[in-house]
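Please view the sequence and the structure before reading on.

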Amino acid sequence: MRKMEPETKMQLAVLGATGKTGGELVQQALEKGHSVTAIVRDPAKITTTHDNLKVVKADVFDETSLAKPFTGQDAVVSCLGFPRNPQPVTGYTESMKAIIGAMRTANLKRIVTMTAWYTDTSVAPRMGFLANWVIVPILRPLLLGMFDMEKFLKENCSDINYTVVRPPALGNAPKTGLPMSVEEDYIVETGASFNKTNRSDVADFMLSCLKTADYDQKMVAITTQKKMGK
């Protein structure tokens with residue numbers, strides 16, 4: 001029997017670690033033996049303690065603030081999210097500009113970040129009435145902001161090895177261990193009008209992207225495959 005290779009332990013800078021997906025990602029990274037630097041606005045919100053966890057206060061909109069904690073890391077993993085408002089949400093692009101600037105200063109090349117399905121809102125009709133007339137109109141300001149950030153990466157970051165992960169609606173159940181459907185698209189056409197993937201599965205997939213070159217400089221839509229018979 002072929003011997004399994006041990007997983008490479010990495011130094012990871014995690015942004016958005018106080019959010020639900022980011023918190024799940026930090027926990028899974030620590031369980032896998034990685035060393036995590038959680039870069040947050042308010043360190044008091046991180047209640048997890050671990051020998052391999054370091055919590056650093058920084059401003060995600062300030063390149064200088066991020067450069068020091070990025071130094072010596074193997075990769076950045078970002079689960080940053082911003083509140084919806086009536087206008088396009090600029091936080092995604094403005095924070096990514098600072099992140100990429102700090103990565104260049106720190107000579108750091110790898111980032112995995114997340115947006116969502118439908119960042120190109122024109123694909124909504126492919127998923128039916130609910131997506132086209134309810135989900136996308138409600139989320140449009142967020143989606144436009146995410147799309148602008150994706151465009152920034154495509155057009156300005158040829159020197160950066162980025163992966164953008166686009167999940168559907170997010171649930172809070174434990175990790176399923178089921179395979180992930182992955183498409184280099186803005187959606188995964190599942191045949192269902194509403195799709196949900198657990199944050200735990202998204203975090204697991206984002207970490208798995210660090211172990212393969214399959215998603216280097218790619219933007220992929222994902223969803224957890226359903227169990228047979230469901």
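In this predicted model, Phe 61 has a relative accessibility of 44% and therefore counts as partly exposed. Phe 82, at 17% relative accessibility, counts as buried, because buried means under 20% relative accessible area.

**The aromatic cluster**

The structure holds five aromatic pairs. One of them joins Phe 61 and Phe 82: the ring centres are 5.9 Å apart and the planes stand at 45°, so the pair is tilted. This pair links distant parts of the chain, 21 residues apart. Phe 61 belongs to the loop between strand E3 (53-57) and helix H2 (63-70), whereas Phe 82 belongs to the loop between strand E4 (75-78) and helix H3 (91-105).

Phe 82 also forms an aromatic pair with Tyr 92, and this pair is edge-to-face. Since Phe 82 lies in the loop between E4 and H3 while Tyr 92 lies in helix H3, the pair ties together parts that are 10 residues apart in sequence. Both Phe 82 and Tyr 92 are buried. Through these ring pairs, Phe 61, Phe 82 and Tyr 92 are linked into a cluster. The two pairs are set out below.

| Aromatic pair | Centre to centre | Angle between planes | Geometry |
|---|---|---|---|
| Phe 61 and Phe 82 | 5.9 Å | 45° | tilted |
| Phe 82 and Tyr 92 | 4.9 Å | 80° | edge-to-face |

**Helix H3 against helix H4**

Tyr 92 also takes part in the contact between H3 and H4. How are these two helices arranged? The axes of H3 and helix H4 (residues 129-156) come within 8 Å and cross at roughly 30°. Angles under 35 degrees count as roughly parallel, so H3 is roughly parallel to H4. The crossing in which H3 passes H4 is right-handed.

On the H3 side, the contact is made by Tyr 92, Thr 93, Met 96, Lys 97, Ile 100 and Arg 104. On the H4 side, the contributing residues are Leu 142, Gly 145, Met 146, Asp 148, Met 149, Phe 152, Leu 153 and Asn 156. By residue type, the contact of H3 with H4 comprises eight nonpolar, three polar and three charged residues.

**Glu 94 in helix H3**

Helix H3 also contains Glu 94. Is this residue buried, partly exposed or exposed? With a relative accessible area of 38%, Glu 94 is partly exposed. Glu 94 and Lys 109 are 15 residues apart along the chain, and their C-alpha atoms are separated by 19 Å.

Technical notes
Residues are numbered from 1 along each chain as its sequence is written. This is a predicted model: local features need pLDDT of at least 70, side-chain atom pairs count only at pLDDT 80 or more; totals for chains, interfaces and linings use all residues. Side-chain values use heavy atoms; hydrogens and water are left out. Rings of Phe, Tyr and Trp (its six-membered ring) pair if their centres lie within 6.5 Å; planes under 30 degrees apart count as stacked, over 60 as edge-to-face and the rest as tilted. Helices (H or I, at least four residues) and strands (E, at least two) are DSSP runs, numbered from the N terminus. Buried means under 20% relative accessible area, exposed over 50%, partly exposed in between (1.4 Å probe, protein chains only). Axes are lines fitted to C-alpha atoms, for helices over the stretch in contact, and angles run from 0 to 180 degrees between N-to-C directions. Angles under 35 degrees count as roughly parallel, over 145 as roughly antiparallel, 65 to 115 as roughly perpendicular and the rest as oblique. A crossing is left-handed if the near helix is turned anticlockwise from the far one by less than a right angle, and right-handed if clockwise. Contact means heavy atoms within 4.5 Å. Ala, Val, Leu, Ile, Met, Phe, Trp, Tyr, Cys and Pro count as nonpolar, Asp, Glu, Lys and Arg as charged, and the others, Gly among them, as polar.
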